[in-house]
Amino acid sequence: MPVRPPAQPRGALWPLLVAVAVVLAELCWLPFRGHSSLMIGLAGSPIALAAAAYTCGQIGSAVMVARPVRAFWRQMAHASVILFLAGVVAFALANDESGISLLPAGMDILGIFWGMAALVRLPLGEKSAVGWVRILLDSAVVVVAGTLFFWYVVLSFTPPGTDHTTRIAAGAVGVAGLLALVILGKAVTARGGPVDSRALRMLAIAPITELAVVVMLLTAASGPRLTIRLLAGPLVAVAFCAAAYRQRMVLARPETAAVKQRRSMWDLLPLLAVTTTAGLVVVVSARQMDGRERAVIIGGVLIVVCTVARQLLGLRENNRLVQGIRTQQTELERLAMTDPLTGLANRTRFGTALAERLAGHRPATVLLIDIDDFKMINDSMGPAFGDQLLYQVAQRLRQSGAARDLPARLGGDEFAVLLDADDIGVAEDAAARTLHALAEPFRVGEHQLLANASVGVAIAGQGDGADEVLRNADIAMYEAKAGGKAAWVRFEPRMRHDVVNHARLASELHNALVRHELYLLYQPVFDIVTGWLHGAEALVRWNHPVRGFVSPGEFIPVAERSGLIVPLGSWVLREACEQLARWHAEYGDGAIKTINVNVAVRQLREPGFVDEVAAVLSETGLLPQNLVVEITESSVADGRQVRETLNALHEMGVRLALDDFGTGQSSLSLLRAFPVDVLKLDKSFVDGIADGDDRGRLAVAAAVGQLAEYLQLSAVAEGIESQAQLERLREMGYRLGQGFYLAKPLPADEAGRLMVADPVPAIS
């Protein structure tokens with residue numbers, strides 16, 4: 001699937017426009033310079049360089065940018081600030097003398113060397129001692145040649161009376177510019193560098209401008225000298241702004257970042273320096289030596305020229321040999337950091353970016369995004385459909401985020417966004433914006449699909465590591481899912497304690513299964529017309545050796561989240577069936593005929609659950625109709641595997657009961673698609689019906705009873721706690737009920753004695 005490029009960088013063009021506007025303003029001002037102060041013209045340089053510092057700094061602070069790129073542009077922003085200060089000093093001095101004053105020249109040299117330090121941090125070729133020696137030798141050649149050129153040629157044309165200090169200062173700026181050009185050339189020719197090569201070429205305008213400025217300031221007349229003095233700073237700013245804009249364009253379109261690089265022009269610099277020096281030697285020797293001496297010098301120069309030509313011929317072949325390998329290396333590095341389906345950053349790049357931000361003590365916030373019910377969508381519609389949905393989710397995340405955010409796909413249906421912020425308000429706004437972007441229906445093929453997400457928000461604290469921040473976001477995301485999904489939750493420290501407690505409780509629950517600390521109680525189900533015992537619901541309880549009694553509301557959610565619900569449910573199923581078999585053996589026809597067992601959706605997803613039920617029934621000697629499996633409405637809607645399991649159980653003869661009926665959103669539709677045998681009216685509809693004030697509860701309770709009668713299903717009223725409730729339910733036609741008023745959950749022996757006892761007096 002092709003990866004669509006993201007939106008163009010926002011706010012990247014205006015600094016370049018400011019710098020260009022300053023150049024044009026200077027050109028327009030020059031014809032009228034005689035009628036105004038020189039300071040007006042010199043004011044343009046600080047303005048343009050301030051724009052350059054801003055745009056370079058923007059890249060240097062962007063969280064989505066790789067660390068070497070950020071470090072380079074951050075240092076270039078510092079160099080721009082130094083040149084800005086040099087422009088302010090020149091503005092304050094406001095002179096048009098030949099050469100460059102010592103203070104602004106020193107600041108110019110400092111800015112140039114600061115920029116060179118940024119270039120030196122980039123790959124400059126072979127990373128070895130030999131490689132660095134080559135760079136030093138090339139730099140030395142250019143510096144010596146440049147010094148000779150300025151000393152012998154340029155300074156020879158300096159107007160008489162020019163201050164010696166200003167001439168030396170200007171020459172030093174020129175030599176520094178030449179050296180910067182050499183280092184810049186090395187960075188451009190090093191393939192696979194993190195900074196875009198065209199952006200580096202645009203930066204070359206800056207040292208070239210410095211060289212032209214120095215030559216003009218030393219040799220030109222007053223008019224041209226003033227023109228170049230005014231345009232120097234703005235032209236350097238244009239170079240910085242254009243290079244930064246190009247870099248941001250490349251970052252916005254990573255798939256087009258690879259550019260064919262040509263090395264010959266930059267490699268010519270040291271050779272050109274050698275040739276220039278040789279030319280100076282010939283000129284000097286022609287003036288001051290006789291014929292024989294000049295012949296020796298010229299012969300030496302010819303040897304140098306031949307050597308240079310030989311190196312140029314070998315250079316092209318060498319480039320061809322390494323070009324293919326370096327291109328493949330660059331592509332492999334890009335693929336290693338990119339998710340192939342969505343084009344977003346992958347887990348490796350995201351983790352690296354987060355770790356770099358934390359190591360640099362910079363603000364960081366993680367949004368962890370998980371698509372709700374994606375497994376059901378993927379299973380029902382197919383993997384290809386799911387992949388298209390994930391791709392569209394990625395595009396929404398890319399488009400809804402800020403330019404400095406880093407969206408990523410961590411794997412499966414899990415995404416993340418790295419924010420350059422540590423403010424709670426900013427983080428929460430980003431989470432809300434993300435949910436809003438994903439709340440709009442997705443069009444996948446011919447389908448309109450609503451796919452919400454749960455978002456966990458984690459703000460990095462002092463001393464937090466990348467793994468810890470991601471873990472906190474993951475904890476918050478699960479809190480959002482537990483709270484009803486399609487929501488965001490910000491991590492709080494108490495959540496980690498809850499997770500630790502859950503993990504500890506899960507470990508203890510695992511041990512409880514091994515050590516037989518669990519036991520069953522049986523909630524009797526009565527015929528509320530006759531008072532006879534009709535059946536019983538098996539309820540699991542835990543007697544912890546240290547904690548004492550642990551509520552099912554505490555350990556059942558832990559079992560479901562940890563996966564222990566599967567072995568726990570298997571134990572309950574077998575224990576309940578074995579107990580019913582013992583009752584049959586002990587009480588014969590007086591024993592109850594059915595036992596109700598609650599089954600979690602996780603058990604229904606297990607491919608071997610139906611076989612497990614059949615095996616338990618066979619081993620205990622029970623018939624399928626002796627077992628009632630209680631499930632919730634949400635279990636039925638879980639997916640195809642669950643529906644197939646329930647159909648198989650029903651075909652086997654096992655009775656199915658919808659527990660807590662009436663509390664879901666699709667109860668009536670389930671009765672058509674689901675082979676239900678028993679409806680259990682939720683306790684919330686039984687509470688208060690005796691008073692007659694809550695007409696809504698009365699209506700629902702009556703409707704469920706009539707519906708069960710019409711569909712020839714059994715209806716069981718849960719949570720009966722008073723005689724008045726019992727009588728009202730009987731008036732509505734209910735035949736079966738359970739609740740504390742009738743009997744509390746009982747141990748197996750007490751429940752057995754009820755089977756041979758007289759009808760419950762409270763009922764009759």
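Analyst: Cys 241 counts as buried because its relative accessible area is 1%; with a 1.4 Å probe and protein chains only, buried means under 20%, exposed over 50%, and partly exposed in between. This is a predicted model, in which local features need pLDDT of at least 70 and side-chain atom pairs count only at pLDDT 80 or more, while totals for chains, interfaces and linings use all residues. Residues are numbered from 1 along each chain as its sequence is written, and side-chain values use heavy atoms, leaving out hydrogens and water.

How many disulfides does the structure hold? There are 0, where a disulfide is a pair of cysteine sulfur atoms within 2.5 Å. Cys 241 is in no disulfide, and the nearest cysteine sulfur, belonging to Cys 56, is 6.8 Å away. Another cysteine, Cys 28, is exposed because its relative accessible area is 54%.

Helices (H or I, at least four residues) and strands (E, at least two) are DSSP runs numbered from the N terminus. On one side of S3 you will find Glu 414, Ala 416 and Leu 418, while Phe 415, Val 417 and Leu 419 point the other way; all are buried.

S3 also has partners, and two strands pair if DSSP finds at least two bridges between them. Strand S1 (residues 365-371) runs antiparallel to S3 and is joined to S3 by 6 bridges, with Asp 370 opposite Glu 414. Strand S2 (residues 406-411) is likewise antiparallel to S3, with 5 bridges, and here Ala 408 faces Ala 416. The hairpin of S2 and S3 leaves 2 residues between the strands, and Gly 412 takes a positive phi near 60 degrees there.

That phi value leads to a nearby topic. Most residues other than glycine have a negative phi. His 361 is not a glycine, yet its phi is positive, about 55 degrees. His 361 sits in the loop between helix H13 (347-359) and S1, and is exposed because its relative accessible area is 76%. Ala 486 has a positive phi too, near 50 degrees; its place is the loop between helix H17 (466-482) and strand S7 (488-490).

In one of them, Arg 496 meets Glu 468 at 3.6 Å, N to O. Arg 496 lies in helix H18 (residues 493-515) and Glu 468 in H17, so this pair ties together parts 28 residues apart in sequence. Both ends are partly exposed, Arg 496 at 27% relative accessibility and Glu 468 at 25%.

Asp 527 and Arg 735 form another salt bridge, with the closest N and O atoms 2.8 Å apart. Asp 527 belongs to strand S8 (residues 518-527) and Arg 735 to the loop between helix H28 (723-731) and strand S16 (736-737), so the pair ties together parts that are 208 residues apart in sequence. Asp 527 counts as buried at 12% relative accessibility, whereas Arg 735, at 43%, is partly exposed.

Methods. Salt bridge = Lys/Arg side-chain N within 4 Å of Asp/Glu carboxyl O.
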